[in-house]
Amino acid sequence: MTYNIEKKSIPGYMMYVNGGLAGMMATCIVQPLDLVKTRMQLSASTGEFKSSFDCILKTLKKEGILAFYNGLSAGLMRQATYTTGRMGFYQMENEAYRKQFNESPTVFASMGMGILAGAVGAMFGNPAEVALIRMMADNRLPPEERRNYKNVGHAFARIVKDEGVTALWRGCMPTMGRAMIVNMVQLASYSQLKNAFSQYFSGLSLHISAAMMSGLLTTIASMPLDMAKTRIQQQKSGEYKGTMDVLIKVSKNEGIPALWKGFTPYLCRLGPHTVFAFIFLEQLTKAYKRFVLGDDSGSTI
């Protein structure tokens, strides 16, 4: 007599937990590059930094090595909200698709799922995004203009007190737009590139090559929206009315290439973050399956 034993699946809430943890672990590694990218974007109109390398040297000289981790608490909070939402939601979409159609998602299905996952994650992660941008940029402001947030909790309290609750969702539309494009390109291209490169690479080299190419495509597509989001969330005087207003004014006053200011550190951050996030997510999922569910079949994200 043959018994069909149905394998246990990972609970929905654990998909969110693992996704958030993977993002937070990756952020601890790439936080310095995120700081350089943000400062490069904010200095596009002032010419404070000539290049990403110049930004690194000046920050190191004036503020010390620990300055590269300014805003880390907000960065971790962002991952705990944004990445938890997007990665958890995407995994649930992916699993639902496989159960419904008994096959892996197509490219267009993956793109659609990525768009939805990005929108969900951005809605939850925007308050931490606002705090993160401000904390990373604070030290480059004149002393009288600095906000001097001590940590992400203090930032939230000050923003609500001084500007109102709605200020936590300032720049939410460009954040959502960026997140939808990032996830559409990143999540859909990663699996396709991995399949395409599998005949040339294997193991860790396969993950790195696919993630870096995915990061390049995602950077090119999302950089202008990321720059618009950064400027809207950092502004004090209401200089910009919305995403299109930022894009038009920057293109007119600073030139079209300014839309991709900070491209190098953004690419260097996004590529490694993609690599580490997916590797950590895969290992966390594999560990949960093995030690909690008793399943040694491995993990496929």
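Colleague: Which residues in α3 meet which residues in α9?
Modeller: Arg-78, Gln-79, Met-87 and Gln-91 in α3 meet Arg-269, His-273, Phe-278, Leu-281 and Thr-285 in α9. Contact here means heavy atoms within 4.5 Å. The model is predicted, so local features need pLDDT of at least 70 and side-chain atom pairs count only at pLDDT 80 or more, while totals for chains, interfaces and linings use all residues. Residues are numbered from 1 along each chain as its sequence is written, and side-chain values use heavy atoms, with hydrogens and water left out.

Colleague: At what angle do α3 and α9 pack?
Modeller: About 65°, with the axes of α3 (residues 72-101) and α9 (residues 263-291) 13 Å apart. Axes are lines fitted to C-alpha atoms, for helices over the stretch in contact, and angles run from 0 to 180 degrees between N-to-C directions. Helices are DSSP runs (H or I, at least four residues), numbered from the N terminus.

Colleague: Moving on to rings. How many aromatic pairs does the count come to?
Modeller: Four. Rings of Phe, Tyr and Trp (its six-membered ring) pair if their centres lie within 6.5 Å; planes under 30 degrees apart count as stacked, over 60 as edge-to-face and the rest as tilted. One of the pairs is Tyr-190 with Phe-278, which is stacked because the ring centres are 4.3 Å apart and the planes are at 5°.

Colleague: Which parts does the pair of Tyr-190 and Phe-278 tie together?
Modeller: Tyr-190 lies in α6 (residues 172-197) and Phe-278 in α9, so the pair links parts 88 residues apart in sequence. Both residues are buried (under 20% relative accessible area, with exposed over 50% and partly exposed in between, using a 1.4 Å probe and protein chains only).

Colleague: And what about α6 against α9, which residues make the contact?
Modeller: Arg-178, Val-182, Gln-186, Leu-187 and Tyr-190 of α6, and Tyr-266, Leu-270, Thr-274 and Phe-278 of α9. By class, the contact has six nonpolar, two polar and one charged residues. The angle between α6 and α9 is about 55°, and their axes are 13 Å apart.

Note on methods:
Helix = DSSP H or I, 4+ residues; strand = E, 2+ residues; numbered from the N terminus. Nonpolar A, V, L, I, M, F, W, Y, C, P; charged D, E, K, R; others polar.
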